[in-house]
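Please open the model in your viewer and keep the sequence panel beside it, so that each selection can be made by residue number. The stops below can be followed in order.

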Amino acid sequence: MTRIVISGYYGFANAGDEAMLTAIISALRSVENPAELTVISGSPEITAARYGVISIHRFNFLKIINVLSGCDLLLSGGGSLLQDVTSRKSLLYYLTVLVLGRVFSRKVMLFAQGIGPIKSRNLKKLTGIICNKADLITVRDTDSLKELEQMGVSKNCVHLTADAVLTLKKGDKKLGEKLLQQFGIERDKPLVAVSVRKWQAAGSYLKELADAVAAIAADYKARVVFLPLQYPDDVEACRNLHNILPEETEAYVLDAEYDTEQFLALIANFSLLIGMRLHALIFAAITEIPFVALSCDPKIDGFIKEIGGVSAGNIDKLNAENIKAAAENALAENAACGQRLSEMCKNAQLNFDMAFALLQDGKTEREQKGDGGNAVND
């Protein structure tokens, strides 16, 4: 049996990372079936129950060492794991997992990652050294490609693909309607989704965004639906924005935790999405819903550049008129975005094609050594 270990920011109710895990598991099972999948998670019990996998805690290094010593492939990703903006400890953690994979001579793949930013010169150098030891690296945007080049990572093992979440299918609109009805939301009017998160410049950006959302809702006679992508962390930001909307703006906060299938189903019912979370924008793209990005992270800028999407600008410099104009552009230009989406979906599939090829290479190498793969097969 093929054994694959998946490392990433899983088990923290972040919709984007859970969507990535959903895509990875679905693709692996479609080809490598049966395969023993072990996911390193912050909530192993929840992850195991939700995905039907083996799951171990991200800080149980004895178990991590045990599974890595006998696996065929370590997949690290996707998402923005290798960056020190969140924290240096986070970057060092993921680098440590990569090193352990190489210590046991396992195939190691950085999977559909967004690399950087890494501000520390020493950590950037260390990341370059460790990434050069990987068998294969796929990155989801050109900025990540450039970041690796600056670190001196060999171009031979690095490939530009796209975010693997783009391989997921559109959501079930009927399921989304049922989920909306649980909050008393009907679809007799257009629905505008807004996905926000806590941000240090909350006071300034919330006021501008509230003015823009109210104007958009009035112009299109729409309801506003606030969609927390990381639950419950984003709920407070959604409620803060909801509370400063004019009374005449009909708005709702979806104060509930959803899985990937449910998020895609919900978004299928919207006419427009305005978002700070990368995967809110990706979900909208998959569902072919017009979207406006509120830029708060290089990964959002990278995605918008790759797909040719619409941005209202940096979150710290938002202007209500610019947001409104961006919404009008998104509604008008969605067809152009759809053309680019098709190409990105094909590129996203390359992540899995390359992973399967790497697995096959590993099996061939073991056969040539004459060990028959006894260390990793039942």
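Predicted model: local features only at pLDDT ≥ 70, side-chain atom pairs only at ≥ 80, totals over all residues.

Residues are numbered from 1 along each chain as its sequence is written, and side-chain values use heavy atoms, with hydrogens and water left out.

**The sheet**

Select the strands of the open sheet, where seven strands follow one another in the order S3-S2-S1-S4-S5-S6-S7 with parallel pairing. Helices (H or I, at least four residues) and strands (E, at least two) are DSSP runs numbered from the N terminus, and two strands pair if DSSP finds at least two bridges between them. At the edges stand strand S3 (54–57) and strand S7 (158–160), each of which has a single partner strand, so one side of each is left without a neighbour in the sheet. From one strand to the next the twist averages 20°, with axes taken as lines fitted to C-alpha atoms and angles running from 0 to 180 degrees between N-to-C directions.

Next select strand S4 (residues 73–79), which is mostly covered, since seven of its seven residues are buried; buried means under 20% relative accessible area, exposed over 50%, and partly exposed in between, with a 1.4 Å probe and protein chains only. Strand S1 (residues 2–7) runs parallel to S4 and is joined to S4 by four bridges, and Val5 is the residue that stands opposite Leu74 in S4. S4 also pairs with S5, in the parallel sense and over six bridges; to see one of these positions, select Gly77, whose bridge partner in S5 is Phe111. Moving on from there, strand S5 (residues 107–113) pairs with strand S6 (residues 136–139) over three bridges, again in the parallel sense, and Gln113 has Val139 as its bridge partner in S6.

**Loops with particular backbone geometry**

Follow the chain to Pro117, in the loop between S5 and helix H5 (121–131), where a cis peptide bond, with omega about 0°, joins Gly116 and Pro117. A cis peptide bond with omega about 0° also joins Tyr231 and Pro232, and Pro232 is found in the loop between strand S9 (223–226) and helix H9 (235–243).

Ser105, in the loop between helix H4 (88–103) and S5, has a positive phi near 60° although the residue is not a glycine, and its relative accessible area of 60% makes Ser105 exposed. Glu288, in the loop between helix H11 (278–287) and S12, likewise has a positive phi near 60° in a residue other than glycine, but Glu288 is partly exposed, at a relative accessible area of 46%.

**Aromatic rings**

A pair of aromatic rings is described by the distance of the centres and the angle of the planes. Rings of Phe, Tyr and Trp (its six-membered ring) pair if their centres lie within 6.5 Å, and planes under 30 degrees apart count as stacked, over 60 as edge-to-face and the rest as tilted. A search of the whole structure finds eight aromatic pairs. The rings of Tyr258 and Phe263 have centres 5.8 Å apart and planes at 75°, so this pair is edge-to-face. Phe263 also forms a stacked pair with Phe283, at 6.1 Å centre to centre and 25° between the planes. Because Phe263 lies in helix H10 (residues 260–267) and Phe283 in helix H11, this pair ties together parts that are 20 residues apart in sequence. Both Phe263 and Phe283 are buried.

Now select Phe59, Phe61, Tyr93 and Tyr94, which form one aromatic cluster.

**The final stop**

Finish at Ser295, in strand S12 (residues 291–295), which counts as buried at 4% relative accessibility. Beyond its neighbours within four places in sequence, Ser295 is in contact (heavy atoms within 4.5 Å) with Ile300, Asp301, Ser311, Gly313, Asn314 and Ile315.
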